[in-house]
Amino acid sequence: MLGGDQEPGCCYVGVDVGTGSVRAALVDQRGVLLAFADQPIHKWEPEFNHHEQSSEDIWAACCVVTKKVVQGIDLNRIRGLGFDATCSLVVLDKQFHPVPVNHEGDSHRNIIMWLDHRAVSQVHRINETKHSVLQYVGGVMSVEMQAPKLLWLKENLRETCWDKAGHFFDLPDFLSWKATGVTARSLCSLVCKWTYSAEKGWDDSFWKMIGLEDFVADNYSKIGNQVLPPGASLGNGLTPEAARDLGLPAGIAVAASLIDAHAGGLGVIGADVRGHGLACERQPVTSRLAVICGTSSCHMGISKDPIFVPGVWGPYFSAMVPEFWLNEGGQSVTGKLIDHMVQGHAAFSELQAKATARCQSVYAYLNSHLDLIKKAQPVGFLTVDLHVWPDFHGNRSPLADLTLKGMVTGLKLSQDLDDLAILYLATVQAIAFGTRLIIEAMQAAGHSISTLFLCGGLSKNPLFVQMHADITGMPVVLSQEVESVLVGAAILGACASGDFASVQEAMARMSKVGKVVFPRLEDKRYYDKKYQVFLKLVEHQKEYAAIMKGD
Ligand SMILES: Nc1ncnc2c1ncn2[C@@H]1O[C@H](COP(=O)(O)OP(=O)(O)O)[C@@H](O)[C@H]1O
Ligand SMILES: O=C(CO)[C@H](O)[C@H](O)COP(=O)(O)O
């Protein structure tokens, strides 16, 4: 499994649990990936908008990939281990066994995934309280956060789940507990998804007001009353049992974790950009926006002082880069939306057959097909009369409206491969327009962003990257290591080991610029016009809803 001609030296293991798979990497002190492995994980959708996973399945996948990346290496070189994961809710009983989060009572499925939208009524009631903690989630709590999901469990699965539960973990914290036996939570997960304040701690009045006073009564023992900064070393390090599971030495340092998007942020935002002709070379780090694009996209901007952006999560203190405030914009489905549009099209089987024949991914095939049909014009111009509004799973930012739906205008009677390719292009563009809308909201509130740093699965798609540059008008920086989220996880392990004095120092040493993609400014007028249509789409959708509501 070892690749490259690395020199022997200290290295770190990073484990990244995404929505669809678990990845691990062995990373050296320069941030170079020496080995990589991935493994798919199970997902269940027992009913519409209910998404569940299994903590045992995920841990087993972590063990498989970790064993693979350290195969054949001198284990004494491994100094630390860091985890990141999606912000899904894990439920365990008092003996730390899985508890079902479903009506079927299947305890294997003990995770409510981040994209689960079952708690709609609960989140409406939480937002109606107008409690002051809501100021720190963009003014409106998302159904994807933990408080509404906890309330749903109390109201719907009182006996089978709520009364039995002894521990509610964010998935990143579950992993660090599993590795060390330490139940301390990361400041990242508690601040971003659980309303914890880095400065003031838990707010009793919030939990009492929403009907979850149980947590206050037992001093938050079920959701975390010991909180550590990401990268802090946990307990006595890796337990002998976890060491056996993972194939690592017992006692190596294990870090307090990060949510996956935040690990991606650490993996890219601190890179040395000198020599690439970027404006941000002369600007503070706060001019950089990390965009982590996987199943969803997350837009991570930092600031020295708190900035309140309506509809954008945060400001969160020290939740990603220590001592900086974080605002997190997001689009709930991006990679998942592209897959949905492509796989649901009548020409998908033809596409699959043709891509397989060429040993290409369907995306690489579609990109080359678009190049073929665009003729002399820029590829983006193929969608002059086809427009998409991408909120098929509601709008996370900046409209913070989970009732919004997807829209497509400009459909024809044909459904061939050309149509599929152009619909795919319009979807990619719609996602980039969504990013532009988020950036505009952040700029209007006081951010000063000049450069995008993209990572995640979608950053492997050159069309997706170019469209983000063209449509936002900003250069896009790609890292030397494609798997930058894993570099972020390894940075945590490196910090926990004590090999770096601070997260900032590890970031500067371990994240590296690979390639810069500049916007095609000559196409700006076209994209400005398409953006006008984009904004009209949502305006019209709201008008339709109002008409249908009226008498
Ligand atoms: N090589 C690739 N080319 C184009 N798109 C890709 C590629 N690999 C992954 N993707 C896209 O990225 C998405 C998954 O990204 P990933 O970061 O693996 O997700 P997650 O972290 O949520 O599991 C997929 O939905 C797919 O659309
Ligand atoms: O809410 C989030 C971060 O705050 C992420 O969207 C969620 O964790 C899923 O990430 P991914 O799309 O990488 O699987």
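1. Which domains does the domain assignment give for the protein chain? Domain 1 covers 11-254. Domain 2 is written in two segments, 271-332 and 437-521. Domain 3 covers 335-430. Keep in mind that this is a predicted model.

2. How far apart are the centres of domain 1 and domain 3? Taken over C-alpha atoms, 33 Å separate them. The two domains still touch: seven residues of domain 1 are in contact with five residues of domain 3. On the domain 1 side of this contact, four residues are nonpolar and three are polar. No charged residue is found on that side.

3. Next, the sheet. Four strands form an open sheet in the order β4-β7-β6-β8, and their pairing is antiparallel. The edge positions go to β4 (52-53) and β8 (165-170). Each has a single partner strand, so one side of each lacks a neighbour in the sheet.

4. One pairing in detail. Strand β6 spans residues 89-93 and pairs with β8 in the antiparallel sense. Five bridges make up this pairing. Within it, Leu92 stands opposite His167 in β8.

5. Now the ligand site. How many residues surround ligand 1? The shell has 17 residues. The closest are Gly18, Gly294, Thr295, Gly335 and Gly457. Helix α11 (residues 335-343) supplies the largest share of the shell, four residues.

6. What is the make-up of the shell around ligand 1 by class? Polar residues number 11. Three residues are nonpolar and three are charged.

Conventions. Residues are numbered from 1 along each chain as its sequence is written. Chains are lettered from A and ligands numbered from 1 in the order in which they are written. This is a predicted model: local features need pLDDT of at least 70, side-chain atom pairs count only at pLDDT 80 or more; totals for chains, interfaces and linings use all residues. Two strands pair if DSSP finds at least two bridges between them. Helices (H or I, at least four residues) and strands (E, at least two) are DSSP runs, numbered from the N terminus. A residue is near a molecule or strand if its C-beta atom, placed from the backbone, lies within 6 Å of it. Ala, Val, Leu, Ile, Met, Phe, Trp, Tyr, Cys and Pro count as nonpolar, Asp, Glu, Lys and Arg as charged, and the others, Gly among them, as polar. Domain bounds come from an automatic or database domain assignment.
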